[in-house]
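Please look over the model below before reading the points. They are meant as a short note between colleagues.

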Amino acid sequence: MKNQIVYTEKENYPKNYVSHSVINNIIEIESSEDLKLRIYPLTNDIIRIRYSLDGYFDADFSYAIDENYNFPHVDYIIDDRGDEFIVKTTNVRCVVNKQNLKITFKSIDGKVLCEEEKGFHWEKNEEFGGYIVQNSKVLQKGECFYGLGDKPTDLNLHEKKFTNWGTDEYGYHKDTDPLYKSIPIYYALNDNGAYGIFLDNTYQSHFDFGLEREDVTSFWAQGGEMNYYFIAGPELMDVCKRYTQLTGVPEMPPLWALGFQQCKWSYYPDKEVLAIASKMRDLRIPCDAIYLDIDYMDGFRCFTWDKEKFPDPKGLVDNLKEQGFQTMVIIDPGIKIDKNYSVFQEGMEKGYFCKRIDGHYVEGKVWPGECYFPDFTRPEVREWWAGLYKGLIEEVGVAGVWNDMNEPALFEVESKTFPLDVLHDYDGHQTGHRKAHNIYGMQMARATAEGVRQFSGGKRSLIITRSGYSGLQRYSSVWTGDNIATFEHLWLADVQAQRLAISGISFCGSDIGGFINQPNPELMMRWIQLGIFHPFCRVHSSGDHGDQEPWSFGEECLDVFRKTVELRYQLLPYLYTTFYQYYNEGTPMIRPLVFFDQYDVQTKDRDHEFLCGDHILVCPIVKDEARSGKVYLPTSQWYHFWTNDLYDGGKEHNVNAPVDEMPIFIKAGGIIPRYPVQQYVGEKTIDTVTLDIYYKQGSESSYFYDDDKNGYGYEQGEFTYTKFELTGDQEHLSIVKTQEGNYDSEIKNFKLNLIGLPAEVSEIKVDNLIVSKDVLISTAFETITISLKG
Ligand code: GLC
C-alpha cells in the first residue's frame, strides 16, 4: 500500500514548465514564479540536477568534484513532447513532467529507475535565512540502499535515517549517527537496475530510506542548493566507478603504506619507540611504520618536538629508517594560543585563524588547551600550512602525517565543534560554518598532502585523516575513529570499511584491536585477520587500557599475528594491483557481495563476507570463540585458501575457522601474485614473484601491477600492468600474457604454483618450448600451455 502524498503548508513546490534554453550543454528550464531547473547531461551515465528558487544560481563551486576529471563525451538529445520534457543520453532518460517539474529517471529501454514522489520542494529556514531544500523519491518494492561513508550500521540502509555532520564520537556504537565523515552518496538497487544519487551540498544533510514513510526515500539539506548527480548503472560497480572518478582517486601510495603499521597514544620517549621497533624485528612481526601520537610535541604544539622525550628527532627517524621503519606523526588543527609559539605568532600576524561574525576569533579547547584554528578553506592558509611541514618532512625525515580532530572537534562544548557563526573563505565564496563544517577536515588533509609532497624529495607519502567530505580520497587515507575493543566493533569495522570503499574511499581501515579498552587475545587475533584485508592496516589504541602490541596477548596470539601479517606481506603485489585498479578505474578495493553479483538476491543483505580485489573473498569471524562460520559464496567456484578444496558458489557453507585461520576463498581461475615474506617493504631484492594459479574450466582474467613503489615515474608510464588470461579445460590450462606500460622491473621471473588441476601435468610449454616443471619462467613470456594427463 502506498502512503498518500501529504503536502504540508510550509512546503513549496515548483510550478509548471514555461520555457527552456540550452547553453554550453546545460539545459535550463524556467517555470512560473522564477524557479529554474538546470539539467546537465555530464556523461552518458551522469546527469546533474540543480535548482534555483529566484532564478539566480550560486557560483558553481564544489570541493567534491575532481577538477582533473575529464568528462567523457556525451551524446544527448532533447525530446520536447506534450506533457514531458525529456533529456536522453545513450544510457539514461531524464523525464521532466511539465505540470510540476517532477523528474523520473529511466533506463534507455524505458524502465523506471527512480521516480519522484513529492520531488524537489523547499521550506523557509526561519532561523538562518535561506531554505531547507528537500527531495523525495518513490521507494520501489524490495529496493535496497548502500553507501554514505562511515555509517556504523548494517550494510543495507533500508528503513534507516541518517545525518551528515562531521562529529567527534569517542566510543561510538552500532547506529550512532553522525560520525566523523560526511559522504552524501547513496546507491539504490531495484528490479530495474542500480543507480546512485550524490547530493553535493555541504550543509548538514539528511537521508531517509523508508523509515519515516515506508515507500519514500528522501534527502534534504539545511541550506544551500538542491544540487545532485544521478549516476546510472545498471551495475552497482559501474555506479561506484563513475562516482569515484567524478570525485577523484588518490595517487598511488608508497608500497610501504600497504604494510603493517603500529601505533599507540603514545609511544614515548624515543627509547620506547626504538624498543617497540626492535621487538618487532626480534619477534619477526613484519612492520613498516611506527606512529608518534600527540605526546611527541612540546605541550601539544603542532610542528614542535618535546625536547626531553625526543632530544634528537632526526637521529630517531634515521635509526628507525635503518631498521626499515617509516615514522608517522600526528598533526591536529588546533594551534595553541601562546605568544611565544612561532606558528601561533605567524597565524596571528597573517590573519590565518578563523573568526566569528563579530570579528572575534573562534577559541576552543583541544589537547593543548585553548586554541585558534586555521581557516583551511582559504588557499593562502593551505599554502602556509603546507609550508609548515618542511621541518618534519625535509629536515627530520618523517614519512607521512596523520590529521586528527579535524571535524573540527572541540572539548567541553555541547556541540563538540565550532559555533555556527564562524566565517570561512570557502575558496573565495565567503560563507559560514554551517556550509564549511563538513569540508573543514578535508581541506586540512589537502593542505597537509600538498605540504608533505612538496618536501618529500620526489617520494610518495601517506596521509591519514579522521574527518572529510566526498572527494577527500584525493588527498588522504582514513581510519574509522575511536572504536572499542568488542566483537560488535570488529563487525562494525568490517562493514564500515566496505561502506567507505564503495563511497569512493578505499584506502581505509580501523584501529585494529579497538581504540578503547583492551581486547582479549581472541579478539586481537580475529581483528588482525580482518585487518590484513583492509587497505590501511594499523594497530592503534588509547594506551590507557593496557598494551596492544602483537606480543601483549601471549604466545598463541603472537604466532597467529605473525602468520596473519606474513600473509599480508605475501599478498602485497595483489593488494598493490588492486590499488592500481582503484587509482586507474575507480573500482573499490574491497566490495560487498552485492557489488559482486547484484542479481543474486542472497547477496543483498550479506554484510560480513566481502571481496578484496577481483579474486579473494574473505569471511571474517566476528563472534567470540567461534570455530566455524557461515559464508555465502556467490555464483562461481571457490577454492578454500587453506585447504585448496573446491566449493560451489550460489550457496551458504558452514566452514571451519580455527583461531589461526580466518576463512578465505579464491575465485576459480584467479591468478594471485605473491611475494616472499619480508620484515618490511624493500628488505629483500625480489626478482621472482610466485603466481598462485587456481585452475578453472573456462576463462578468467587476472592482473599484476608493478612500478618502483615509491616515486612518481608511474605517472609518466613507468609501470607495468600485466594481464593474464587463463583458459582451462580437462586437458589443458593456458595463460596468455599481455602488458601495458614500460617499467624496467627488478622482477625477472615467475614461479608457477598450480592449484586444483583435475589431472597431473604431462608437459609445460612456454612460448612453444617445452620446459621442466619446476623451472622459473621469465616474465617476458607470452603464452604458457600446460597439458594434463588425460
Ligand atoms: C583522538 C584520535 C585518536 C588519538 C587521540 C590522541 O581520540 O581519534 O586516534 O590517538 O585523539 O591524539
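1. Basis. This is a predicted model, in which local features need pLDDT of at least 70 and side-chain atom pairs count only at pLDDT 80 or more, while totals for chains, interfaces and linings use all residues. Residues are numbered from 1 along each chain as its sequence is written, and side-chain values use heavy atoms, with hydrogens and water left out.

2. Ligand shell. The residues around the ligand are Trp265, Asp293, Ile294, Ile330, Trp367, Trp402, Asp404, Arg466, Trp479, Asp482, Phe515 and His540 (a residue counts if one of its heavy atoms lies within 4 Å). This shell divides into seven nonpolar, one polar and four charged residues. In these classes, Ala, Val, Leu, Ile, Met, Phe, Trp, Tyr, Cys and Pro count as nonpolar, Asp, Glu, Lys and Arg as charged, and the others, Gly among them, as polar.

3. Oxygen atoms of the ligand lie 2.5 Å from a side-chain N or O atom of Asp293, 2.8 Å from a polar side-chain atom of Arg466 and 2.5 Å from one of Asp482. On its own the ligand has 310 Å² of accessible area, and the protein covers 98% of that (Shrake-Rupley method, 1.4 Å probe).

4. Helices 8 and 9. Helices here are DSSP runs of H or I with at least four residues, strands are E runs of at least two, and both are numbered from the N terminus. The axes of helix 8 (residues 487–502) and helix 9 come within 10 Å and cross at roughly 5°; axes are lines fitted to C-alpha atoms over the stretch in contact, with angles from 0 to 180 degrees between N-to-C directions. Helix 8 is therefore roughly parallel to helix 9 (angles under 35 degrees). Phe487, His489, Leu490, Ala493 and Asp494 of helix 8 make the contact with Glu522, Leu523, Arg526, Trp527 and Leu530 of helix 9 (heavy atoms within 4.5 Å). By class, this contact has six nonpolar, one polar and three charged residues.

5. Helices 9 and 10. For helix 9 (residues 521–531) and helix 10 (residues 555–570), the axes come within 9 Å and cross at roughly 0°, so these two helices are also roughly parallel to each other. Among the residues in contact are Met524, Met525 and Ile528 of helix 9 and Val560, Phe561 and Arg568 of helix 10. The contact has eight nonpolar, three polar and two charged residues.

6. Backbone. Most residues other than glycine have a negative phi, and most peptide bonds are trans. The peptide bond from Asp177 to Pro178 is cis, with omega near -5°, and Pro178 sits in the loop between strand 12 (161–164) and strand 13 (181–182). The bond from Gly233 to Pro234 is cis, with omega near 15°. Phe303 has a positive phi, near 70°, in the loop between strand 20 (289–292) and helix 3 (313–322).

Technical notes. Parallel < 35°, antiparallel > 145°, perpendicular 65-115°, else oblique. Polar contact = N/O pair within 3.5 Å; in protein donor to acceptor, adjacent residues only side chain to side chain.
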